Amino acid sequence: MLFSEHDSEKKPLQPWMDFLIKFGYGWRCKAAGPRRIALVSMPCDSAAAGLIALGAMVRDLTFSEANDVDGHYDKLLRYARQYLKSCSRCDAVCDPVKKQCGYSKQATGRLRSPLLPRQTVEISDKTDFEGGQIKWIQRDGRRNHALVTPFPEHAKNYHVEDEPPVIWNQPDGELLSDIYRPFIAGADIHPANLHRSYSGLCIAGRAAGEVASREVCSRIIFSNGAGEFGLDKLLTVHEWVDCGVSRVAYFNPRTGRMDRNAAVPHMVVADGDASFLKVADCPEFQQSDLVGVIQRTVERDSLEAVGAKMTSWRQWYDFDEEMLYGLPPVPRGISISILRRRT
Amino acid sequence: MSATTTQIFDFLSGHPEYSMERIEIATPGFSMLRRGLRAVILRLREEAAGHEGNELAYRLRASLFEWLTVPVPFDGAIFEAVKILGDQELVGRKWGTDVRAAYVMVCDGAQAVQQEENPARIQLRDVIRELRSRNRTFKIYSHRRARPHFSSLFVAPGEPALLESDFLSSVREYREAETFDTLLKMGPL
């Protein structure tokens, strides 16, 4: 595996990148343990958060249960309930924070499917919540429409508009294991996961915005026999790829919103001090493991704010020395602190 | 363009140790000036010295801080700066004989330092020449307004002048700088 950075010449994977990818990969070894928080301090601005997320993503690809397919029908039912009971009756410009309706994002009631790329179907008010039976309207032209009662198996092909498809059976959008496997020797990638989305891993972008987060990742280009791939594409954040599955959710710290209505992610990788502090205070991430990546060349006030936050956690957390000592040798210039919640 | 992450890690792995060299400089004239000025400032910062005294103490303190952290030439400008207190007789009548005695020491010191070049300038010039001769890259950490004083160290023909890129004045400039071997800083650590 070769890489280039800022259009420089191609080189073998550098120790600092290898370490960060392996750090992300090794994070979820003990899935059922108490919550952990890590702070990774870098000597300069870098794509470290993206690399850690990439490692964690490869790890998730090895778990057969790491997909959004299970429970998708229930998710569509919840979405239908939100649309029919709340959003369709709301006459305000959508701002869930101000309205305090309990939802994080507006439900438009429209679903999409890779099987019908140019169409949407609309949640029907005939949906039976007590019977757990979703119904939608499929239009064919202006006049004709059909009320569809899908089986759960068929519903997997439909997903909420503006969100990634939960399953992708087209040949052009599935992930290639040849790209991900070389990052971790011996990673046993579960083949079914390569065409299934997953929302259990989240990257919280930079405070400067999603464009800045994507740009820093796009500067790292990996190449092997399978082709050349930017880190931004490898992460499969929904807005960063043209189509296909998405196995990393994106949290925008400026708007405080995720790119999808999803269950609580098991891990959030925060890029930058402001993002780290924002995620740390977000109620929806209080159960998620948190890995913050900061650079030491920010203003002193910002570093002190992060330090104060880490100190405040010491009331309930201990240093996770077991994990710290189990890490591969940390490259000179990177420092890491890991906290584990007391049980 | 700033250094890439890989360049920075390569640089760090190539420099497993770092050292800090501290050069202390002393000159009798400046010691006299500094001691006297400290005594005046301490006295004028007291509440009893009034608003005018406090204001003067603040200005003298700013001047002293500049002389300690910037390679200023020891010329008439120093004497001008301390003369803001006015006539020695007047100082004695306004703030007492102890302030007057300290003020006399300040004026003597300000005149004494003009007899020779600021030793900090000589030292900095030597250090930079040595770094250049060894092809060591360096940056000077200074306030933006202090740059002309550093630049004035190399005005002789045939000697390369200091460039704007040789200075660091903010975290942002540090962030965007290429890697370098030595950081020069004048003043307290």
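Modeller: What follows concerns the packing of two helices in chain B, together with its surroundings. Please bear in mind that this is a predicted model.

The two helices are helix 5, residues 88–95, and helix 6, residues 97–112, of chain B; their axes come within 7 Å and cross at roughly 150°. Angles over 145 degrees count as roughly antiparallel, and helix 5 of chain B and helix 6 of chain B are therefore roughly antiparallel to each other. The crossing of helix 5 of chain B with helix 6 of chain B is right-handed. On the side of helix 5 of chain B, the contact is made by B:Gln88, B:Val91, B:Gly92 and B:Trp95. Helix 6 of chain B contributes B:Thr97, B:Val99, B:Arg100, B:Tyr103 and B:Val104. Sorted by class, the residues of this contact are 5 nonpolar, 3 polar and 1 charged.

Chain B also meets chain A: 10 residues of chain B are in contact with 15 residues of chain A. On the chain B side, the elements that give two or more residues are helix 1 (5–14) and helix 9 (171–176) of chain B. Helix 1 of chain B gives the most, with 6 residues. The chain B side comprises 5 nonpolar, 4 polar and 1 charged residues.

Finally, the nonpolar cores. The largest has 73 residues, of which A:Ile52, A:Ala53, A:Leu235 and A:Val269 touch the most other members. Helix 2 of chain A, residues 48–61, supplies the largest share of this core, 10 residues. A second, separate core of 21 residues includes B:Ile41, B:Phe74, B:Val82 and B:Ala110.

Note on methods. Residues are numbered from 1 along each chain as its sequence is written. Chains are lettered from A and ligands numbered from 1 in the order in which they are written. This is a predicted model: local features need pLDDT of at least 70, side-chain atom pairs count only at pLDDT 80 or more; totals for chains, interfaces and linings use all residues. Two residues are in contact if their C-beta atoms, placed from the backbone, lie within 7 Å. Helices (H or I, at least four residues) and strands (E, at least two) are DSSP runs, numbered from the N terminus. Ala, Val, Leu, Ile, Met, Phe, Trp, Tyr, Cys and Pro count as nonpolar, Asp, Glu, Lys and Arg as charged, and the others, Gly among them, as polar. Axes are lines fitted to C-alpha atoms, for helices over the stretch in contact, and angles run from 0 to 180 degrees between N-to-C directions. Angles under 35 degrees count as roughly parallel, over 145 as roughly antiparallel, 65 to 115 as roughly perpendicular and the rest as oblique. A crossing is left-handed if the near helix is turned anticlockwise from the far one by less than a right angle, and right-handed if clockwise. A nonpolar core is a set of buried Ala, Val, Leu, Ile, Met, Phe, Trp, Tyr and Cys residues joined through C-beta atoms within 7 Å. A residue is buried if 20 or more other C-beta atoms lie within 10 Å of its own, exposed if 12 or fewer, and partly exposed in between; C-beta atoms are placed from the backbone.
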